[in-house]
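Colleague: I want to go through the terms in this model one by one. For each, tell me the rule and how the value meets it.

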Amino acid sequence: MTTLPIECQKTAKIRFTLNGEETDVSFVPYKTLLEVLREDLGHTGTKHGCELGECGACAVLLDGKPVLSCLVLGLECGGKQVLTVEGMGEDGKLHPLQDAFADLGAAQCGYCTPAILVTAKALLDQNPHPTRDQIRESISGNLCRCTGYLQIFEAVEAAMLKIADQKSSTT
Amino acid sequence: MMRLPLFEFRAPRTLEEAAHILDGERANAMPLAGGTDLLPNMKRRQQVPRTLISLRHIESLNRVVWRPSGSQLGACLTLSDIAVDPRFRNGLTALAQAASLVATPQIRNMATLGGNICLDTRCNYYDQSYEWRKSINFCLKKDGTTCWVAPGSAKCMAVSSTDTGPALMALGARVRLVSRTDEREVLLSDLYNNDGIDYIKRRPDEILSEVLLDSLHGWKSTYWKLRRRGSFDFPVLSVAAAARLSKENVVEDARIVIGSAACRPLAAIEAAKSMLGRPLNQQAIKEAAALAARIAKPLDNTDFDMTWRKRVTAEFVTYALRELRGDDVRAERESFTRYSFE
Amino acid sequence: MPVEKDSRKAPIDAPKNIGDDLRVIGVPRRRVDARAKVTGQTRFADDIFLPRMAYCKLLRSPHPHARIKAIDTSRAAAHPGVYLVLTGKDVPIQYGILPVSQDEQALCFDRVRHVGDPVAAVIAREELTAFEALDLIGVDYEILATISDPEEALATPEPRIHEYGEEGNIHKFVALEFGNVEDGFAQADEIFEDTFFFQGNTHLPIEQHASVAIKDPDGKLTIWSSTQTPHYLHRALAKVLEMPAAHIRVIATPNGGGFGGKSDPFHHEIVVAKAALMLDRPIKICLTREEVFYCHRGRHPVLMKFKTGVKKDGAITGMHLQTLIDGGAYGSYGVASTFYAGALQTTTYHIPRYRYQGCRTFTNKPPCGPKRGHGTPQPRFGQEVQLDKIAEKLKIDPAELRLRIVESSNAVTANFFRLGTVNLSECIRRLVKVSGWNEKFRKLPQGRGVGLACSAYLTGAGLPIYWNKMPHSGVQLKFDRSGGVSVFCGATEIGQGSDDVLAAIVAEVLGIDPFDIRLFTGDTDLGPVDLGSYSSRVTLMAGNAALQAAERGKSIIADAVAEKLEVPKERLRFADRRVFDSAAPEKGLTFQEAVCLAEARFGTIGTVGSYTPPKSPALYKGGGVGPSPTYSYSAAVVEVEVNPVTGWVIVPRIWIAHDIGRALNPTLARGQVEGSVYMGLGEALMEEQEFRRLPKKLSHALVHKFPSILEYKSPTSLDMPEIITELIEGPDPRGPFGAKEVGQGPLLPIMPAVANAVYDAVGVRIDEIPVTAEKIMKALAEKKAGRDPRYGPTHFPEVHWPEALRIPPPWEGGDGNAVNDVPRREKRHREKEKVLAP
């Protein structure tokens with residue numbers, strides 16, 4: 001393995017939109033988006049369970065689509081929109097998914113929770129009335145060792161109803 | 001945490017520029033598309049390219065062109081793009097099914113068609129961290145001299161694990177390969193090679209830029225994937241089948257491909273031939289399945305006992321052929337996929 | 001009469017229980033730490049970043065068994081960016097979770113015993129730099145013979161993996177006899193002999209182990225770690241670092257899953273602590289997923305032989321169980337595991353005479369330890385599958401058979417475990433009803449089947465890991481003039497909801513809202529000792545301690561209020577953030593006013609509560625493993641579909657009934673039940689900690705077959721069946737508000753229920769876990785060929801068992817002592833001397 005001495009490593013810099021806010025960040029170029037978020041931007045809400053794309057714990061939204069941040073290079077994120085769990089709330093309130101997860105036991109140890117929340121958000125943004133099967137499929141890339149998933153499905157369904165409710169009361 | 005090694009990063013805007021860089025770097029560089037196979041391999045130090053050439057900024061690689069005579073699919077289309085596109089049906093169903101069954105939803109949002117076609121072969125002894133491989137003194141595929149799957153073998157026996165590969169072969173696909181010096185079109189079947197190390201005849205300076213499909217009007221196709229869980233897992237066996245049937249269900253043309261049973265997807269030529277000119281009835285399906293199963297040579301390089309994988313191959317092929325005939329095999333499919341494919 | 005409650009139907013804002021008059025307990029609530037978790041603000045160990053923090057990586061052995069002849073760290077130490085390189089000589093003192101197996105070293109000093117055993121540590125500015133420097137460390141190994149499984153261990157006394165233990169590579173023998181088992185067999189109408197195998201598996205928490213250590217501003221050591229047992233880690237650090245425990249602070253960060261995998265003191269925790277002290281800067285380590293497989297401490301692979309005598313009506317006359325246990329390379333909790341493997345058989349069904357022989361061997365693989373159920377799921381599998389075979393032979397319905405032989409509440413078992421409430425019958429009856437058992441069992445079409453199994457589990461280990469007379473859990477309460485209450489307790493939140501339990505109990509007693517409470521848990525500096533989150537002890541033990549502390553606080557406040565309002569103390573009620581006269585509710589104070597009143601009257605208000613389990617009647621050597629204040633019971637019915645051609649098995653539905661005592665928070669309780677069922681299903685179908693031995697002529701390698709979260713299979717959302725949960729509530733006075741455990745029990749019946757269901761579906765017995773398509777297909781081939789339609793172990797090896805300790809059971813006049821043991825007083829004195837040393 002060849003090693004470049006630290007002094008020779010360049011620093012990468014990107015500008016991107018993180019949770020709705022324009023953000024500049026510098027980092028060592030070999031870092032993944034996961035590492036940049038956690039280590040250079042202090043956004044530790046996004047977790048890691050394997051760093052190889054095998055557990056889903058690092059999921060974030062990249063231009064609205066759920067991706068695994070452990071397999072996205074920081075360098076590739078310039079100009080992109082990234083949403084993490086920290087950015088799910090609006091106007092100082094929790095997202096209906098967050099409320100539902102909290103109320104219905106969908107988070108036990110809470111470690112897989114941020115990834116599942118953003119993935120579920122992407123689902124509901126794109127399909128406001130998913131079936132149980134579609135919910136199940138949308139988080140089939142997120143492993144959970146605590147819940148057995150059922151309370152998670154129910155929380156997504158509850159959030160779905162709440163969002164529909166909110167929409168109809170504002171129209 | 002596992003960390004990537006150091007690398008240089010280039011982000012060309014055109015295919016010509018990418019080919020130019022690759023020509024200069026040769027074996028020191030690797031193209032990077034979705035990164036869902038390459039980055040884990042880099043973290044495990046299976047592949048440590050000095051330069052990564054990102055293909056994600058090349059417009060032409062994301063295009064889909066539909067014509068009555070066929071279609072051209074850019075190599076950087078994501079598997080999600082293909083899975084949700086309603087145009088990949090009927091004759092092209094196998095491709096949509098294959099794409100929709102790869103890994104997980106998040107990975108499908110990142111992974112590309114070209115990347116999955118060129119997916120590195122896999123093995124219990126190879127897809128491991130650097131430290132693990134050191135403790136077995138490495139293997140023939142990387143840094144070692146023994147193939148631990150078959151210690152007497154002079155050849156690497158890593159297994160082909162692509163899903164889109166078998167599907168596209170069943171659809172008679174061709175691919176375009178572009179380098180600085182030339183451009184060629186190859187039948188996908190001819191691109192794969194039954195060797196765990198030299199599994200794809202793509203030169204290090206070539207970029208797979210497009211998949212070309214002739215019109216499959218009048219065809220039906222299907223893709224079946226066997227794996228332990230409903231997601232994440234690579235195939236331990238797959239069947240891609242395509243056929244053109246007459247109104248009386250007589251087989252006018254057919255292709256069957258067995259995946260993950262060798263170092264490359266295997267065209268079950270005898271099996272397909274046995275179906276021609278016959279109605280696709282119980283007997284024909286049984287014979288074709290038996291012939292297809294004969295060529296499968298699973299080894300102890302992936303999940304599940306290899307004897308079991310061999311024994312279930314014929315049954316698995318019958319599901320695919322029954323589906324082509326028009327049988328309702330949703331229950332069988334869902335027992336493997338755990339959800340319904342719309 | 002126990003109340004059966006389907007917690008799925010309980011809405012979020014359910015009214016308080018009528019009759020019970022409870023406001024918090026029993027109400028489905030958002031748990032107190034939920035908001036932090038859903039906003040990503042919960043601080044796990046790897047989320048801690050401190051200025052000047054350096055990263056640590058461990059160099060691990062590539063050999064399964066070798067002597068370390070020399071280590072050259074000079075190149076690594078000189079590598080740019082490397083601050084420190086440590087080896088075994090820097091942390092040579094041995095430690096281990098159990099006093100009787102202090103056989104681990106933070107960095108192996110002279111011997112490595114499995115692939116992955118840590119040998120050196122590099123601390124560097126960047127984690128990548130530390131990783132690259134590992135390759136610069138030269139280790140000169142002398143390869144030793146590899147011992148890969150218990151049979152090989154039995155046959156290979158030399159080289160010894162450890163210089164302690166029974167003999168050769170046998171770590172521990174257990175031989176206990178309660179009554180004359182041969183007499184029991186003589187009385188039987190039928191004798192059943194069955195051999196089973198349960199493959200090892202691991203916890204696979206999504207959060208990898210991580211720790212951050214610093215020398216704090218005052219110069220004391222502080223370590224944050226993803227650990228379930230901060231108190232035991234605290235003791236180990238004091239021992240290895242040769243520091244007073246009072247100068248060490250262990251903070252257990254919320255665990256991203258534990259399941260028993262984070263209950264040992266670990267190499268990496270000691271190494272970062274040592275490095276932090278040497279460098280005076282924060283040191284972090286976060287293990288890769290592969291390294292988590294090397295920490296392991298998971299479920300022991302166990303080969304079991306059951307010999308059971310029964311009467312025609314199903315009554316058991318005697319049972320003889322032998323186990324051969326694969327311990328891996330170190331002791332860990334293994335001695336306890338070996339006892340556990342023989343402990344709980346008698347707690348579910350009445351067994352008048354019982355003999356247990358257990359043998360744990362060392363092997364050159366990552367050490368096994370406690371995983372959810374700790375040593376009991378394996379024999380539970382064997383017992384419940386054998387019962388299914390017994391039921392078939394005796395022509396009794398499996399549910400009916402169990403109903404006939406279920407133990408009784410408050411009984412004392414043959415091995416002297418005192419039971420609490422036993423509501424297993426209600427669980428079984430409820431399941432039969434909701435699953436449609438009678439319409440399905442042996443009546444479904446070929447390829448579909450149902451299976452039933454039951455189980456029991458402890459609600460907290462009755463004895464501590466190290467022998468002492470102190471409480472197992474302590475809680476301190478601070479009553480603040482603001483009307484808030486602070487709760488201090490060593491209990492550790494691993495996802496199971498221990499924080500919520502504490503808050504709920506205190507809130508209920510004091511009549512305040514859980515949101516008024518601030519919790520300080522898992523911190524050895526702040527809270528009284530709680531032994532840790534293992535053996536399902538926290539709800540009962542920390543809960544009872546919290547109950548006591550809250551009642552004491554309530555009493556002091558009531559004294560002040562009674563005096564002020566001139567109302568008898570007994571008439572005062574604490575509810576809705578008020579303290580008032582129950583006869584004239586408008587006459588009262590706010591809770592805040594009441595606290596201020598009490599503080600003015602008595603001075604600063606603070607109370608403590610503690611809990612020590614009652615003394616167990618099991619006085620014999622080994623009787624310390626198995627006793628519990630009370631036991632939970634579970635029953636499960638699993639429905640399967642098996643493809644008779646391929647053996648492919650899917651599980652569409654599982655019904656589970658759990659005797660929980662009382663569900664303190666039904667939402668959490670349901671989550672624990674479903675999570676247990678999920679994990680049991682994973683073990684039943686796909687989880688395997690398997691090892692690969694390369695051809696001996698070509699290599700000595702013995703490696704974990706696939707130490708990744710991809711290849712170690714755990715069920716995804718697509719693999720989960722429908723789960724119908726029935727919580728059977730019959731309060732047990734031994735638990736706070738009658739609560740018993742719920743985090744482990746419901747896992748246990750799933751594996752045997754799956755195997756029993758497969759038999760119902762296609763008529764083959766898979767006497768092994770996991771139950772896989774490959775095994776089913778092989779068994780179906782056997783069936784087709786007219787041979788025994790079974791897949792499983794065929795023999796139990798010859799083991800030279802020592803003479804058993806003979807303990808007459810209660811009904812033979814036994815007093816819990818062995819009749820053929822060395823005088824206990826003399827032994828205890830010797831053991832006391834061992835543990836008082838730091």
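Colleague: What area do chain C and chain A bury between them, and how much of it is on carbon and sulfur atoms?

Modeller: About 4600 Å², with 58% on carbon and sulfur atoms. Buried area is the accessible area (1.4 Å probe) that two parts lose on being put together, summed over both. In chain C, Val38(C), Ile206(C) and Ser717(C) lose the most area to chain A, together 16% of what that side buries. This is a predicted model, so local features need pLDDT of at least 70, side-chain atom pairs count only at pLDDT 80 or more, and totals for chains, interfaces and linings use all residues. Residues are numbered from 1 along each chain as its sequence is written, chains are lettered from A and ligands numbered from 1 in the order in which they are written, and side-chain values use heavy atoms, with hydrogens and water left out.

Colleague: Which residue counts stand behind "contact" for chain C and chain A?

Modeller: Contact means heavy atoms within 4.5 Å. By that rule, 58 residues of chain C touch 48 residues of chain A.

Colleague: What makes Asp103(A) and Arg30(C) a salt bridge?

Modeller: The rule asks for a side-chain nitrogen of Lys or Arg within 4 Å of a carboxyl oxygen of Asp or Glu. Here N to O is 2.9 Å, therefore the pair qualifies. Across the interface of chain C and chain A the rule finds 7 salt bridges. It also finds 27 residue pairs in polar contact there, both residues at pLDDT 80 or more. A polar contact is a pair of N or O atoms within 3.5 Å; within protein, one must be able to donate a hydrogen and the other to accept it, and residues adjacent in sequence count only if both atoms are side-chain atoms.

Colleague: Which elements of chain C give two or more residues to the side that touches chain A?

Modeller: They are α1 (34-38), α3 (127-134) and α18 (666-685) of chain C. The largest share, 8 residues, comes from α18(C). Helices (H or I, at least four residues) and strands (E, at least two) are DSSP runs, numbered from the N terminus.

Colleague: Why is Arg670(C) called buried?

Modeller: Buried means under 20% relative accessible area, exposed over 50%, partly exposed in between (1.4 Å probe, protein chains only). Arg670(C) has 5%, so Arg670(C) is buried. Its salt bridge partner is Glu154(A), with the closest N and O atoms 2.8 Å apart. The pair crosses between chains, from helix α18 of chain C to helix α5 (residues 150-170) of chain A. Glu154(A) has 25%, so Glu154(A) is partly exposed.

Colleague: How do you know that Asp233(B) and Arg229(B) are buried?

Modeller: Asp233(B) has a relative accessible area of 2%. Arg229(B) is at 0%.

Colleague: What makes the pair of Lys393(C) and Glu190(C) one that links distant parts of the chain?

Modeller: The two are 203 residues apart: Lys393(C) is in helix α11 (residues 377-394) of chain C, and Glu190(C) is in strand β9 (residues 190-198) of chain C. Their side chains meet in a salt bridge at 3.1 Å, N to O. Lys393(C), at 48%, is partly exposed. Glu190(C), at 24%, is partly exposed as well.

Colleague: How many residues of chain C are in contact with chain B, and what area is buried?

Modeller: 44 residues of chain C are in contact with 42 residues of chain B. The two chains bury about 3800 Å², 59% of it on carbon and sulfur atoms. Trp648(C), Leu718(C) and Glu774(C) supply 18% of the area that chain C buries against chain B, more than any other three residues.

Colleague: What makes Arg692(C) and Asp300(B) a salt bridge?

Modeller: N to O is 3.2 Å, so the pair meets the salt bridge rule. Between chain C and chain B the count is 6 salt bridges. The count of residue pairs in polar contact is 19, both at pLDDT 80 or more.

Colleague: Why do β11(C) and β12(C) count as paired strands?

Modeller: Two strands pair if DSSP finds at least two bridges between them. Strand β11 (residues 221-225) and β12(C) have 5 bridges, so they pair, and they run parallel. One of the partners is Ala252(C) in β12(C), bridged to Ser225(C). Strand β12 (residues 248-252) of chain C is mostly covered, with 4 of its 5 residues buried.
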